[in-house]
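Look at the model below. This report takes its strands, its pocket and a few of its residues in turn.

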Amino acid sequence: MIPEDLRYTAEHEWVAGDGSGPVRVGITHFAQDALGDIVFVQLPDEGTAVRAGDSLGEIESTKSVSEIYAPIAGTVIARNGSLADEPELINAEPYAAGWLVEIAPDDPAALDALLDAEAYKALTDS
């Protein structure tokens, strides 16, 4: 459940893309499983500038409310509008239809600082 072609953060976000264009961001299977049934998602508006580690919004589940963090600095250029009516997509398809936002990176090289699949697996296995 940890796709090899993605990058990860210690806060359980994933990033798809190589930084040459916009990257797609979501939360991992591990994170959605820990949260339980997701009932609401708050995402930033398109055009919002974010810094790595900034809050991107919140995910509310039947268990708790959790912050979503920006894995890299950049500008939010798209948000997953489907989540407003179907937040459960994050539970069903965290790496596909349950994506959260797309970010145009300020520095594509920042992706290199994120965890690869092997490092993320080691983090979640401990």
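## How the sheet is built

Two strands pair if DSSP finds at least two bridges between them. Helices (H or I, at least four residues) and strands (E, at least two) are DSSP runs, numbered from the N terminus. This is a predicted model: local features need pLDDT of at least 70, side-chain atom pairs count only at pLDDT 80 or more, and totals for chains, interfaces and linings use all residues. Residues are numbered from 1 along each chain as its sequence is written, and side-chain values use heavy atoms, with hydrogens and water left out.

Six strands form an open sheet, with 6 strands in the order S1-S2-S3-S9-S8-S5 and antiparallel pairing. The edges are strand S1 (7-8) and strand S5 (49-50). Each has a single partner strand, so one side of each is left without a neighbour in the sheet.

## Strand by strand

Strand S3 (residues 23-27) pairs with strand S9 (residues 101-105) in the antiparallel sense, over 3 bridges. Here Arg24 stands opposite Glu102 in S9.

S9 also runs antiparallel to S8, and 5 bridges join the two. Gly74 has Pro105 in S9 as its bridge partner. On to S5: this strand pairs with strand S8 (residues 74-79) over 2 bridges, again in the antiparallel sense. Ala49 stands opposite Thr75 in S8.

## The largest pocket

Rolling a probe the size of a water molecule over the atoms shows where empty space is left. The search uses a 1 Å grid over the protein atoms alone. A pocket is an open set of points where a 1.4 Å probe fits, with protein on both sides within 12 Å along at least five of seven lines. Lining residues have an atom within 4 Å of a point. Grid points are joined across faces, edges and corners, and a volume is the space filled by probe spheres set on the points.

How much space lies in the largest pocket? About 170 Å³. The lining has 13 residues, and the closest to the pocket centre are Glu11, Ala31, Leu35, Ser66 and Glu67. Helix H1 (29-35) and strand S7 (65-69) are the elements that give two or more residues to this lining.

The lining divides into 8 nonpolar, 2 polar and 3 charged residues. Ala, Val, Leu, Ile, Met, Phe, Trp, Tyr, Cys and Pro count as nonpolar; Asp, Glu, Lys and Arg count as charged; the others, Gly among them, are polar.

## Two serines

Is Ser61 buried or exposed? Ser61 is found in strand S6 (residues 55-61) and counts as buried, at 6% relative accessibility. Buried means under 20% relative accessible area, exposed over 50%, and partly exposed in between (1.4 Å probe, protein chains only). Leaving aside neighbours within four places in sequence, Ser61 is in contact (heavy atoms within 4.5 Å) with Leu35, Gly36, Asp37, Ile38 and Val39.

Ser20 is found in the loop between strand S2 (13-16) and S3. At 68% relative accessibility, Ser20 counts as exposed. Ser20 and Asp107 are 87 residues apart in sequence, and 9.4 Å apart in space, C-alpha to C-alpha.

## Two more residues

Ala92 has its place in helix H2 (residues 89-92). Ala92 is exposed, with a relative accessible area of 59%.

Most residues other than glycine have a negative phi. His12 has a positive phi of about 75°, although it is not a glycine. His12 is found in the loop between S1 and S2.
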